[in-house]
Amino acid sequence: MVNPVFPFIIAHDLRVARKRWVRMALNILCIGDVVGRPGRDVLADHLQEFIAARSVDLVVCNAENAAGGSGLTPQIFTKLLTYGVDCVTLGDHVYRKREVVSLLEKSDQVVRPANLSPAAAGKRWTVVQTKSGMHRVGVACMLGQLYMGSNDSPWATIDRVLSEMPSDVKVRVLDFHAEASSEKMAMGWHLNGRVSVVFGTHTHTPTADARVLDGGTAHISDVGMTGPYDSVLGRRKDRVLTALTTSMPAHFEIARGDPRMCGILAAVDPVTGRALSVERVEVRGKVHEGGPYDSDDGYKNSR
Ligand SMILES: [Fe+2]
Ligand SMILES: [Fe+2]
């Protein structure tokens with residue numbers, strides 16, 4: 001005989017299980033500036049395995065240096081998505097490759113810096129789905145003002161962007177692409193409790209200050225680049241030293257050695273949007289055969 005209480009026990013357990021599932025944190029991986037072929041190769045080799053090993057729900061990736069070290073092309077964008085990237089952010093090199101304009105106008109998985117002219121091509125913010133399709137995340141990027149040129153106020157811009165995003169999208173991620181650590185840290189405090197993850201990019205050098213601020217915002221001043229670290233910010237160190245020590249021009253070719261993927265992994269409560277934890281991520285890759293450019297870069301290998 002069937003116990004009449006049994007169906008209620010099952011229903012109760014399902015409710016509890018669903019509640020627990022809903023409360024499960026989202027793991028959001030934010031990756032810094034992908035530099036050329038070495039950076040792309042690290043992602044091709046390691047991103048999928050990292051996503052599986054760490055149960056990553058969403059990958060946000062700054063790709064302003066992905067094509068030949070400066071800019072982004074639609075072809076490289078498509079490849080980044082196949083490697084596991086869900087949303088691409090950009091920086092001061094946003095329009096370096098002209099073909100990016102059509103991509104910026106079409107795709108919902110890429111944003112341009114929000115504090116450019118209103119006439120600039122591309123979306124100021126977007127909402128993307130997590131890999132499971134169960135959650136939505138708002139994503140934007142902005143440029144700093146200190147040592148970065150005359151961009152619109154990032155402070156007023158992000159306030160406007162947040163007010164424009166759907167109010168039910170609680171999980172929000174900002175890539176703050178800026179030079180000065182003071183400005184980046186201040187942006188973390190400005191958005192404390194209002195944005196889930198604020199990660200800095202642009203300097204290509206990782207900082208050791210990843211933390212969750214008291215309002216529930218995961219913050220780091222700079223995640224560092226995804227590219228060759230045997231270099232000066234991704235470029236051949238001999239070329240940079242020649243330019244700096246002789247005042248003579250030198251072609252800043254992309255370096256090859258010691259490629260790494262750098263970023264942060266933040267756990268975020270999908271209901272409140274509050275970050276629960278954050279850690280730095282650094283995955284070492286290998287140097288591939290051939291030069292630092294391939295056909296995607298539109299360059300011939302050179303020495
Ligand atoms: Fe930059
Ligand atoms: Fe960069």
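The model is predicted, so local features need pLDDT of at least 70 and side-chain atom pairs count only at pLDDT 80 or more, while totals for chains, interfaces and linings use all residues. Residues are numbered from 1 along each chain as its sequence is written, and chains are lettered from A and ligands numbered from 1 in the order in which they are written.

Let's start with the whole chain. It has 7 helices and 12 strands, these being DSSP runs numbered from the N terminus (helices are H or I with at least four residues, strands E with at least two). The radius of gyration is 21 Å, close to the 19 Å that the globule rule gives for 303 residues, so the chain is as compact as a globular protein of that length. That radius is taken over C-alpha atoms, and the rule is 2.2 Å times the number of residues to the power 0.38. Of the 303 residues, 47% count as buried, meaning that 20 or more other C-beta atoms, placed from the backbone, lie within 10 Å of the residue's own.

Now for the sheet. Its 6 strands form an open sheet in the order β4-β5-β6-β7-β9-β8, with mixed pairing; two strands pair if DSSP finds at least two bridges between them. The edge strands, β4 (125–129) and β8 (211–212), each pair on one side only. β4 runs antiparallel to β5, joined by 5 bridges, and Trp 125 stands opposite Ala 140 in β5. These two strands form a hairpin with 6 residues between them, and Gly 133 in the turn has a positive phi of about 80°. β5 is mostly covered, with 7 of its 8 residues buried. β5 also pairs with β6, in the parallel sense over 7 bridges. Further along, β7 (residues 197–201) and β9 (residues 218–220) pair in the parallel sense over 3 bridges.

Helix α6 (residues 181–190) packs on this sheet, touching β6, β7 and β9; contact here requires C-beta atoms, placed from the backbone, within 7 Å.

Finally, look at helices α2 (residues 36–53) and α3 (residues 74–83): their axes come within 9 Å and cross at roughly 25°. Axes are lines fitted to C-alpha atoms, for helices over the stretch in contact, and angles run from 0 to 180 degrees between N-to-C directions. That crossing makes α2 roughly parallel to α3, a label for angles under 35 degrees. Among the residues making the contact are Leu 43 and Leu 47 of α2 and Ile 76 and Leu 80 of α3.

Terms used
Two residues are in contact if their C-beta atoms, placed from the backbone, lie within 7 Å. Angles under 35 degrees count as roughly parallel, over 145 as roughly antiparallel, 65 to 115 as roughly perpendicular and the rest as oblique. A residue is buried if 20 or more other C-beta atoms lie within 10 Å of its own, exposed if 12 or fewer, and partly exposed in between; C-beta atoms are placed from the backbone.
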